[in-house]
Amino acid sequence: MLPFLLILGVVNTAVAEFFPNGLDGGIVNGVNTTIQKHPYQVSLQTNDGRHFCGGSIISEDIIVTAAHCMQRYSASEFKVRLGSTNNEVGGELVSVKSFRNHEKYDRDTKVNDVALVKMATPVRESSKVRYVKLAKKTPVTGTTAVVTGWGTTCFLACDVTTTLQEVEVDIIDYKTCASSEYSYGSLILETMVCAYAVEKDACQGDSGGPLVVGDELVGVVSWGHGCAEPGYPGVYADVAALRKWIEKASKEM
């Protein structure tokens, strides 16, 4: 049985695994932004056009997202919209050839919460489509990062937004995030990195989306206790810790 705190926590950005509507991540207290500012951002959406998770373009045909986003769908049941600020219209809508979850992803603990999606058609870079670099090192605690996505703007009770949102948060390394300074304790593991700002966070609809420092992808939206709750940072898959798997698996798809 899951610890009570974890049950509450995974409701944040892992809603798709527990609720039938599949609403899965938005930005709390962020601002409208554009795809030109974040051209690596994509929307994963069902064939009927419902956004369920975010993702990041890392090459002409590979998207990085969260493994928990991939638990309900086959490759033929969703598409990738890229190159559009609005997740309902515009840009390119590309079919999915296949996807791959990290083999050691654990649904209960959210360890290794990363997956790759291979698009059926390669995409070219443009002002609205860019591949993002994978971080080689986890940024130090206190580094300012930006998280982006579409979804709700508060926990469970708000409407989704169709316009891309962004918010700045500060990196917290996993040891600090697991310390008594915050409230997660041993739930924070080595393949995770946290990010925190007062009353700012990722939320339902942002899962799988990018946490970026400069021009590097440092995290993948994974889980958290509520959204923007005091003492509970957002938790992300640590890209630097998972980089070798991402690079190897990308070549094998």
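# Salt bridges and a nonpolar core

Biologist: Where do K248 and E252 lie, and how many residues apart are they?

Modeller: Both lie in helix α3, four residues apart, which is about one turn of the helix. Helices here are DSSP runs of H or I with at least four residues, strands are runs of E with at least two, and numbering goes from the N terminus.

Biologist: And what am I looking at, before we go on?

Modeller: This is a predicted model, in which local features need pLDDT of at least 70 and side-chain atom pairs count only at pLDDT 80 or more, while totals for chains, interfaces and linings use all residues. Residues are numbered from 1 along each chain as its sequence is written, and side-chain values use heavy atoms, leaving out hydrogens and water.

Biologist: Back to that pair, then. What do the side chains of K248 and E252 meet in?

Modeller: A salt bridge, at 2.6 Å from N to O. The term means a side-chain nitrogen of Lys or Arg within 4 Å of a carboxyl oxygen of Asp or Glu. K248 is exposed at 52% relative accessibility, and E252 is partly exposed at 43%. Exposed is over 50% relative accessible area, buried is under 20%, and partly exposed is in between (1.4 Å probe, protein chains only).

Biologist: Which residues are joined into one network?

Modeller: R100, E103, K248 and E252, through salt bridges that share partners. The total count by this rule is seven salt bridges.

Biologist: OK, what about K37? Which residue does K37 form a salt bridge with?

Modeller: E166, with the closest N and O atoms 3.2 Å apart. K37 sits in the loop between β2 and β3, and E166 in strand β11, 129 residues apart.

Biologist: Is E166 buried or exposed?

Modeller: E166 is buried, at 15% relative accessible area, whereas K37 is exposed at 52%.

Biologist: New topic: the largest nonpolar core. Which members touch the most others?

Modeller: V80, L82 and I246, out of 40 residues. Such a core is a set of buried Ala, Val, Leu, Ile, Met, Phe, Trp, Tyr and Cys residues joined through side-chain atoms within 4.5 Å. Helix α3 gives this core its largest share, five residues.

Biologist: What does L82 touch?

Modeller: Not counting residues up to four places away in sequence, L82 touches V42, I57, G91, E92, V94, M119, V123 and V129. Contact means heavy atoms within 4.5 Å.
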